[in-house]
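Colleague: I would like to learn how to read a protein model step by step. Could we go through one together, taking a general idea and then the case at hand?

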Amino acid sequence: MKQLDTEKKIVLTNMEYDELQRMQQILAQNNYVSHVADHMDSLINALSGHSTICAILDLDTLDVTNQVIRKLTIQYPHVCFLCTSQDRFHPELKDAICYHIYACLTKPLDYDELLYWLRCIENDVESPVSHK
């Protein structure tokens with residue numbers, strides 16, 4: 001059985017309350033299960049499950065470096081990482097964004113764009129050839 005035939009879990013990191021509530025609502029309406037990770041330890045625990053297809057890292061509230069993102073993507077190759085931020089540029093994360101992040105989304109989020117990227121991730125997981 002394919003992974004996507006069961007649960008499609010999305011891990012969300014520290015986001016503002018209203019944004020988090022809206023994102024959970026949109027995800028639920030589109031048959032995704034969301035899990036909130038409010039610190040790095042809970043993020044790592046949530047990524048360990050094989051039903052996790054994506055983690056959305058909020059760069060405005062989560063303190064991450066190139067090395068942290070690289071380590072996460074190597075340790076959890078079955079998870080695609082998206083980033084969100086109000087800032088359009090993060091020069092301090094250029095290596096991670098270039099090589100390890102699936103896509104970056106600018107806030108305020110366009111939920112149609114988010115759902116587009118999640119469908120792309122599902123297609124990559126289902127296909128035998130991945131971009132990574």
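Modeller: We can begin with burial: a residue is called buried when its relative accessible area is under 20%, and exposed when that area is over 50%. In this predicted model, 45% of the 132 residues of the chain count as buried.

Colleague: What is the mean pLDDT of the chain, and where is the pLDDT below 50?

Modeller: The pLDDT is the predictor's confidence in each residue, on a scale from 0 to 100. Here the mean over the chain is 84, and 89% of the residues reach 70 or more. Over residues 1–5, however, the value is below 50, and that stretch has ten contacts in the model beyond near neighbours in sequence. Residues 128–132 are also below 50, with five such contacts. Where pLDDT is low, the predicted coordinates should not be read in detail.

Colleague: Which pattern does the chain follow along the sequence?

Modeller: The chain has five helices and five strands, and reading along the sequence gives the pattern β-α-β-α-β-α-β-α-β-α. As for contacts in the chain with a separation of 6 or more, 70% of them are between residues 24 or more positions apart.

Colleague: How should I read a helix such as H2, and which of its residues are buried?

Modeller: One looks at where the buried residues point around the helix axis. In H2, which spans residues 40–47, the buried residues are Ser42, Leu43, Ala46 and Leu47. They lie on the same side of H2 because they cover an arc of only 135 degrees around the axis. Asp41 and Asn45, on the other side of H2, are exposed. The buried residues of H2 pack against strands S1 (9–13), S2 (33–37) and S3 (52–58), and also against helix H3 (66–75) and strand S4.

Colleague: Which residues of H3 are buried, and what covers them?

Modeller: In H3 the buried residues are Asn66, Ile69, Leu72 and Thr73. Seen down the axis, they fall within an arc of 135 degrees, so they line one face of the helix. Gln67, Lys71 and Ile74 are exposed on the other side of H3, while the cover over its buried residues includes H2, S3, S4 and H4.

Colleague: Is threonine 84 buried or exposed?

Modeller: Threonine 84 lies in strand S4, and it counts as buried because its relative accessibility is 2%.

Colleague: What can the backbone angles show, for instance at proline 108 and asparagine 31?

Modeller: The peptide bond from lysine 107 to proline 108 is cis, with omega near -5 degrees, and proline 108 is placed in the loop between S5 and helix H5 (111–126). Asparagine 31 has a phi near 65 degrees, a positive value in a residue other than glycine. Asparagine 31 belongs to the loop between helix H1 (17–29) and S2, and is exposed, with a relative accessible area of 60%.

Colleague: Which residues lie nearest the centre of the largest pocket?

Modeller: The largest pocket holds about 240 Å³ of space. Of the 14 residues that line it, Asp87, Arg88, Phe89, Ile97 and Cys104 lie nearest its centre. Strand S4 (80–85), helix H4 (94–99) and strand S5 (103–106) each give two or more residues to the lining, which divides into seven nonpolar, four polar and three charged residues.

How values were computed:
Residues numbered from 1 in each chain as written. Predicted model: local features only at pLDDT ≥ 70, side-chain atom pairs only at ≥ 80, totals over all residues. Heavy atoms only, no water. Contact = heavy atoms within 4.5 Å. 1 Å grid on protein atoms, 1.4 Å probe; cavity = no way out; pocket = protein on both sides within 12 Å on 5 of 7 lines; lining within 4 Å. Points joined across faces, edges and corners; volume = space filled by probe spheres on them. Helix = DSSP H or I, 4+ residues; strand = E, 2+ residues; numbered from the N terminus. Nonpolar A, V, L, I, M, F, W, Y, C, P; charged D, E, K, R; others polar. Buried < 20%, exposed > 50% of the residue type's maximum accessible area, 1.4 Å probe, protein only. Arc of directions from axis to C-beta.
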